[in-house]
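Please keep the sequence and the structure at hand while reading.

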Amino acid sequence: MSLDLNLDYEAAKRKIEASKSYNDLKDQYNRATKKAGDSFEEAKDEVTESIDKLKQDAKKFQRKIKNQFEQLLDINNVTGGKGSNTANYIKRLFLKTLKNIEPKISEIVQDCSLKAIGCDQEQTYDPQTLYIKVSSIDLINLLKKDPTSDNGRVLYEKYPINVQVYPFAMNKELYERIQSGNPYSIDNGQLYLGALTQPLFDIQYVEFDNFGQTGPWFKITLQSRLNNINKVGTFFVDYYKSIKVVDFTNIMANIMESLSGAISISANVGIVQADDTNKFLLLIQRILGLCFDGKSEIDVSGIAKLAELDGVDNSFFEFTDIDLRNIDQRITNIKNGVVEFEECGNVKLPVDYQAILDSLNDLNFVEDKDLVDAADALTQTLTSNPAWKGFAIEGNINAAVDLNFIKLIVQGLISALLSPKVLLPIMVLLKSLGNDISDVIDTLVKFMKEFKEFVICVVSRVGAIFVEELFNLIKKDIKNLLQQIILDVAKEKGDKRIIIILKLIQLLIVIAEFISDWRRCKSVIDEILWLLRILTSGWGSGWGGEIPLPLLFASQLLDGYSETRAFIGAVEEMQKMGIPTGPMPDGSPNLNMLQMFGQMKAMANEEAENGKTEIAIPPLVMTPAGLTKPNRGSGKKM
């Protein structure tokens, strides 16, 4: 079982690197034995990255704490299965997930909302009139934007307000309540009905509450349900099923905002709002670093161990000097209308926010079958800005932007999710049960502090969706990587049964560990390591000291020495030391590695043909005659 997550992630990457290098070098060896000096034709982009490049990447990220998702992205960069490890491939895979994710997100929100108010589904509330501060549900200042404005078109629902047509455009309706000042029932001729067609509430925008306190407020009049059975759980289900908790265009808009600041730049947001938003985004990343590993603890990136929620106290929401400097830099970039990417030398690049907003708005009119292609092109809108041509940009800017897009998917989704229509029922039911905490909530950071259980519940479960997607992609690549090595081991032994045996071992290991919660970091990395250990474990495992007698009898099941496994182990050790194992800079074979492989094969052949084992047989107990004489025996080492 995993004891240190960081070390295990590094171990997994090393084992994958060594396995990839073996497959590559084996191909070089076969070519070289057919025709000495033949040039190496394989494309460089299919060869393992050099250890120097990996060291540079490590230095680049050493000042950051990587969460599980980022660690898996690093592993995926190493596995490299025929283009499936490219940032654009993963981006498209995740976009397909996002397109169909709303029902699952709605279920998560319903479950986590019950936790937010601290009760179960059977808890009841009384019909009453409540006053909910607008600022407590509009943490993103959405209701200050006109739905027809450039910003509003991509942040509100794409469909119009149609009374009792589901999904109902509740964010637009809340904006209309502010403009009208009339109750919903007056302007629409009826109370607001849930998906079960029972009245839930009436709602009106007012400047003062019943005590004359300044708001502004939403005046909510809760209605009695059928048979006067007013259950909290039923209210949540009825309400959330009447709306779409998050729209695809809204998610894309918030991802692009996290990536480029385009919406903030176009709206010329104030420093206070920008500061709150960027602190909120940083806290989401921290929550994604929490792991739930079944020991009543949370493990943050394998370093700090906290009780699952008790340990996530106010200190969890504090910011270091480095955090604050990075946030200040981000706000400065927004004010200056620029964006920078660490992978491309932190060059400050101008943002064509209008082009991005236009492309986002176009998503509202794209057919479902073309939606992923249109969303995929959003990053091209950012990078194809003609103003970028005059800058000396390091590396592949499109790959860098796609990678950052992937890393910001959960941030964007959560930002889109915490809109007024989603927070409204939480604040209403809390107040109906006598909790007035909503009256002091007016920023995203305050909300995260006061509703940490809800936020951690939602963010971690949403993040787990993409961890599972990425894990399955990595596992597929690792299995493909194993296939050739399994065949080589079988050829060495001249026994086709080995293929069946090794495949059965592989299947048993995969089936044995069923990951029920993708937030459990140790379970995820353990399964990756188990897959990789197939390469080096064979049948047996190491024992310190004397081998127990029953296991010694079982040694007949061991499959013997393998030059393949030995060579993979040697490659892994050399990569640890920084010794280059890939092809030469001109693409020609690495003769030192081929020499080593040839030497190992020759030694294995000699051992197979002439290897001999001599053993000493100690005196054996005889009954009733006593002891036998010591003797010697001989055998064959496989």
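## The sheet

Two strands are said to pair here if DSSP finds at least two bridges between them. In this predicted model, β1 meets that criterion with β4 (residues 214-222), the two pairing in the antiparallel sense over five bridges. Within this arrangement, Lys133 stands opposite Trp217 in β4.

The pair belongs to an open sheet of four strands, ordered β1-β4-β3-β2 and with antiparallel pairing; its edges are formed by β1 (129-133) and β2 (192-193), each of which pairs on one side only.

## Helices on the sheet

Helix α10 (residues 232-240) lies across β2, β3 (199-208) and β4, and runs at about 80° to β3. Helix α20 (residues 420-432) also packs on the sheet, where it touches β1, β3 and β4, with a direction that makes about 130° with that of β1.

## Nonpolar cores

The largest nonpolar core holds 133 residues, of which Leu98, Ile105, Phe201 and Met252 touch the most other members; helix α22 (residues 452-493) supplies the largest share of this core, 14 residues. Among the residues that Phe201 touches are Met170, Ile220, Phe235, Tyr239 and Leu424. Another core, of seven residues, lies apart from the largest one and includes Phe567, Ala570, Val571 and Met600.

Asp138 is found in the loop between α6 (134-137) and α7 (150-155). Asp138 is buried yet has no salt bridge, and the nearest side chain of opposite charge, that of Lys144, is 6.5 Å away. Not counting residues up to four places away in sequence, Asp138 touches Leu143, Lys144 and Pro420.

Key: Residues numbered from 1 in each chain as written. Predicted model: local features only at pLDDT ≥ 70, side-chain atom pairs only at ≥ 80, totals over all residues. Heavy atoms only, no water. Buried < 20%, exposed > 50% of the residue type's maximum accessible area, 1.4 Å probe, protein only. Lys, Arg positive; Asp, Glu negative; His and termini not counted. Salt bridge = Lys/Arg side-chain N within 4 Å of Asp/Glu carboxyl O. Contact = heavy atoms within 4.5 Å. Axes fitted to C-alpha atoms, helices over the stretch in contact; angles between N-to-C directions. Core = buried A, V, L, I, M, F, W, Y, C linked by side-chain atoms within 4.5 Å.
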